[in-house]
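Biologist: Please show me the model, and then let us go through it by question and answer.

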Amino acid sequence: MKNIPRFVVDKMLGKLAKWLRILGYDTFYKNKISNATILSIANSDNRILITRNHFFKKRKHQIKIIFITKDNLKDQLLELNNEIKLSTDKMFTRCPICNHKTTQIDKEYVKDIVPAYVYQTQERFFQCLLCGKVYWAGTHIENAKKFIGDFAGLS
Ligand SMILES: [Zn+2]
């Protein structure tokens, strides 16, 4: 079985971290975190560091590091896709907020949780097993798929 990469993303790349989670990748991200902690997490947890911080260029590390140079989210995803072939196979299996696994839940269950129009128009719902947040495969997700699917060879 192919090893699915796990990531730790530095604090300057919050949007990218969120998208990696939407794609289903186990992605450690905190907006307040020291460089030392980032390195120690990458090391002990065997995560690939994604960063645009030149601090990490200065020294030798045992860990794999991918440097991001672009400012725009889509370009950043393309940069990453050049280094590691990103996959959409596990899309929406992870909570973008807390990085925990989600599970598909019955429509009946979310009747009192989601807005009425969402309940009426959507069929597939997912819930985070940790924070309880509910997601649905609506237009937002379709747009996300389209956005991601624009990458060459990514489907
Ligand atoms: Zn969550």
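This is a predicted model: local features need pLDDT of at least 70, side-chain atom pairs count only at pLDDT 80 or more; totals for chains, interfaces and linings use all residues.

Modeller: Residues are numbered from 1 along each chain as its sequence is written, and side-chain values use heavy atoms, with hydrogens and water left out.

Biologist: Which protein donors does the zinc ion have?

Modeller: Donors are N, O and S atoms within 2.8 Å of the metal (3.2 Å for Na, K and Ca); water is not among the atoms, so sites may look incomplete. Here the donors lie 2.2 to 2.4 Å from the zinc ion. Their spacing along the chain is C-x2-C-x29-C-x2-C. The donors are the SG atoms of Cys-95, Cys-98, Cys-128 and Cys-131.

Biologist: What is the geometry of the zinc site?

Modeller: Four donors count as tetrahedral if all angles lie between 85 and 135 degrees. The angles among the 4 donor atoms run from 98 to 124°, so the site is tetrahedral.

Biologist: Is Cys-128 buried or exposed?

Modeller: Buried means under 20% relative accessible area, exposed over 50%, and partly exposed in between (1.4 Å probe, protein chains only). Cys-131, at 42%, is partly exposed. Cys-128 has a relative accessible area of 3%, so Cys-128 is buried.

Biologist: In what order do the 3 strands of the open sheet lie?

Modeller: Strands are DSSP runs (E, at least two residues), numbered from the N terminus, and two strands pair if DSSP finds at least two bridges between them. Strand E6 (residues 125-128) and E7 pair in the antiparallel sense over 3 bridges. The order is E5-E6-E7.

Key. Helices (H or I, at least four residues) and strands (E, at least two) are DSSP runs, numbered from the N terminus. Four donors count as tetrahedral if all angles lie between 85 and 135 degrees; four count as square planar and six as octahedral if opposite donors are over 155 degrees apart and all others between 65 and 115; anything else is irregular.
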